[in-house]
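The following note sets out some points on helix packing, chain contacts and charged pairs. Please read it alongside the entry shown here.

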Amino acid sequence: MAADPELQDNWDVVKDWKESSRYLRTAKIQAEELSEAIIDKRHGVLSWVKVRW
Amino acid sequence: MGQGSLVEMLIDDGKRLIDRLSEEGVAVTAACWLKEAEDSQWFLYLATPLVSEEGATKAAYRRVNTVIRQMPQPFWIDSLEIKLVGAGSPLARAVQDLHSRYPGPSPIPYRGSQLGDINIEAASIYPPVATPVR
């Protein structure tokens, strides 16, 4: 991750989500930020996970 | 960092990071280590106006991570152990309230079950942070 600062930033956004977050009202920009951090094709968390698991 | 006690080394590194952020012009209005009840893990919470009022954090993490990468080694805090919240968040307000009731230069151990809007097992509250120098 250290070699990809954008991925690191995305992981930081994603790790703030927790199970209880489902019950919180969230601003649109915050939801979009989380979604983008996951699905970004080059630096997203989902792509990183797919390569390793 | 795993479960168990918060070690002195991480409290010291947290202070180093807060001081460094201040030197870099990043305002930190409240800072504490929290062991959250939900997953029993310690996190360094930093309240900063870098987090937007709507709660967007990515730009804030980018800025803080830049500072972390420049920290003199050894530095033991991983960026995934840091959580950024807004300067006006319930957590920031709760920490500032503790500052007013328990002023002092040292971190305050806190044994309540909630701090702001976060359910916790334990916490260590840093004293008020100096205003950024630039």
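1. Chain B and chain A are in contact through 18 residues of chain B and 18 residues of chain A, contact meaning heavy atoms within 4.5 Å. This is a predicted model, in which local features need pLDDT of at least 70 and side-chain atom pairs count only at pLDDT 80 or more, while totals for chains, interfaces and linings use all residues. Side-chain values use heavy atoms, with hydrogens and water left out; residues are numbered from 1 along each chain as its sequence is written, and chains are lettered from A and ligands numbered from 1 in the order in which they are written.

2. The area buried between chain B and chain A is about 1,600 Å², and carbon and sulfur atoms give 45% of it. Buried area is the accessible area (1.4 Å probe) that two parts lose on being put together, summed over both. On the chain B side, B:Glu38, B:Lys58 and B:Leu80 lose the most area to chain A, together 37% of what that side buries.

3. Across the interface of chain B and chain A there are 4 salt bridges, each defined as a side-chain nitrogen of Lys or Arg within 4 Å of a carboxyl oxygen of Asp or Glu. A:Glu6 pairs with B:Arg62 in a salt bridge, with the closest N and O atoms 3.9 Å apart. Over all chains the count comes to 15 salt bridges.

4. Within chain A, a salt bridge joins the side chains of A:Lys15 and A:Asp12 (4.0 Å, N to O). Both A:Lys15 and A:Asp12 lie in helix α1 of chain A, 3 residues apart, about one turn of the helix. Helices here are DSSP runs (H or I, at least four residues), numbered from the N terminus.

5. In chain A, the axes of helix α1 (residues 5-15) and helix α2 (residues 28-39) come within 9 Å and cross at roughly 130 degrees. The pair α1(A) and α2(A) is therefore oblique. Axes are lines fitted to C-alpha atoms, for helices over the stretch in contact, with angles from 0 to 180 degrees between N-to-C directions; under 35 degrees counts as roughly parallel, over 145 as roughly antiparallel, 65 to 115 as roughly perpendicular and the rest as oblique.

6. In chain B, the axes of helix α1 (residues 8-23) and helix α2 (residues 58-69) come within 10 Å and cross at roughly 110 degrees, which means that α1(B) is roughly perpendicular to α2(B). B:Leu17, B:Arg20 and B:Leu21 of α1(B) meet B:Val64, B:Val67 and B:Ile68 of α2(B).

Notes
Helices (H or I, at least four residues) and strands (E, at least two) are DSSP runs, numbered from the N terminus.
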